[in-house]
Amino acid sequence: MTFCKFLTAASLAVMLITPASADSYTIKVTLDTSPLHVRNVWLKEFAGKVQAESQGRLNITIFEAASAFKDVEAAAAVAQGAVDMAVPQYQLISKFVPDADIEQLPMFYGAPREKIYAVIDGEAGKELNEKIESKLGVTVIGRPIDLGFGTVFSTNTELTTPENLKGLKVRVPGGPATSRRYEIMGAAPAQIAWPDVPQALQTGTISALWTTQESLASAKLWDAGVKYGLDDRQAIVQYVPLMNTTVWESLPEDLRDLFTQTWDSMVDAQRDAAHQRQDEARQLNASNGIVSVEPSQASLDAMREQLLQAQPDLVKRLGMDADFVTKVQKVLIQ
């Protein structure tokens with residue numbers, strides 16, 4: 001669904017925040033992941049804390065498993081007022097703001113968490129948030145939360161090195177930089193919404209997918225035929241919190257402060273917990289027959305160099321801000 005198509009939906013059924021009483025507010029949030037997914041679990045914890053700290057004045061209602069919108073639609077839905085809030089992946093915003101695909105560029109291949117946080121929590125991250133807010137007319141209400149490093153999985157092809165991906169049709173969550181990464185690897189990327197992945201695997205529409213150990217475990221995709229995984233840490237997946245600006249500004253200042261302060265105070269622990277859950281999910285997937293392999297450092301280094309050769313052309317092709325990319329790269333190599 002395109003950005004403009006939400007105009008009609010928004011005019012017919014605007015879901016903007018409205019007071020439940022003289023001084024009580026409810027925020028409606030859309031997620032397309034399942035109730036046990038790390039994002040859903042954490043957001044429900046956050047919602048409970050906000051409700052308690054506000055003594056019931058600020059409530060958060062979460063629509064899970066794409067019962068409201070799929071994540072590919074979420075940013076536009078928030079911008080148009082069809083839902084109050086969403087927490088989509090950065091790369092799903094890149095169709096509106098090309099620079100939102102920054103974490104998927106080759107220069108991030110193999111980067112440790114600390115370097116990524118230095119970018120996204122620093123001045124470059126603030127600049128990116130301003131770009132998103134300006135283009136979509138939304139408010140970024142805090143630092144992104146983590147899902148974790150991506151893993152590529154397959155149904156029938158054993159994966160031990162990035163070269164094994166050649167010829168596979170790989171599901172990607174979205175973002176042109178992610179798609180281009182797989183094209184360079186010799187694979188055929190296909191953007192498929194998460195709720196549609198099990199059927200795509202079972203019907204052979206895709207033979208592989210890029211996701212995380214946690215996401216695969218939460219959806220029990222071993223039942224859909226997944227057998228192999230390659231933990232090459234090619235990029236991290238983060239979720240950015242977007243609020244409809246009209247909704248945000250309608251909240252009293254003390255509730256806005258409570259919301260942002262509570263969010264920020266919980267982000268670091270969420271990130272650590274998310275990566276711990278990735279490790280636990282890897283073990284769960286293994287117990288269900290999925291064999292995951294970590295490539296050798298030499299293999300990773302060789303693939304990163306190959307990908308980096310394509311980065312300048314990729315930045316130009318995607319319409320990304322070259323100066324912004326340079327700023328980010330300087331932080332990564334410090």
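Predicted model: local features only at pLDDT ≥ 70, side-chain atom pairs only at ≥ 80, totals over all residues.
Me: How do you know which strands are neighbours of β8 (residues 169-172)?
Reply: Count bridges. Four join β8 to strand β9 (residues 188-191), and two join β8 to strand β10 (residues 208-211). Both pairings run parallel. K169 has A188 in β9 as its bridge partner. R171 stands opposite L209 in β10.

Me: Which strands are called edge strands in the six-strand sheet?
Reply: The open sheet has the order β9-β8-β10-β7-β11-β14, with mixed pairing. β9 and β14 (291-293) each pair on one side only, which makes them the edges. Neighbouring strands are turned by 25° against each other on average, direction ignored. Helix α6 packs on this sheet, touching β7, β8, β9 and β10. The direction of α6 makes about 160° with that of β8.

Me: What is the handedness of the β-α-β unit made by β8, α6 and β9?
Reply: Right-handed, with α6 spanning residues 176-184. The term applies when, with the strands pointing away from the viewer, the path from the first strand over the helix to the second runs clockwise.

Me: How do you know where helix α4 meets helix α13?
Reply: By contact (heavy atoms within 4.5 Å). K115, A118 and V119 in α4 meet V328, V331, L332 and I333 in α13. These residues divide into six nonpolar, no polar and one charged. The axes of α4 (residues 113-120) and α13 (residues 322-333) come within 9 Å and cross at roughly 145°. The angle is taken between N-to-C directions, from 0 to 180 degrees.

Me: Why is the pair E64 and K44 called a salt bridge?
Reply: The term needs a side-chain nitrogen of Lys or Arg within 4 Å of a carboxyl oxygen of Asp or Glu. The closest N and O atoms of E64 and K44 are 3.0 Å apart, so the pair qualifies. E64 lies in the loop between β3 (58-63) and α3 (71-80) and K44 in helix α2 (residues 38-53), so the pair ties together parts 20 residues apart in sequence. By this rule the count is 19 salt bridges.

Key. Residues numbered from 1 in each chain as written. Heavy atoms only, no water. Nonpolar A, V, L, I, M, F, W, Y, C, P; charged D, E, K, R; others polar. Pairing = 2+ DSSP bridges.
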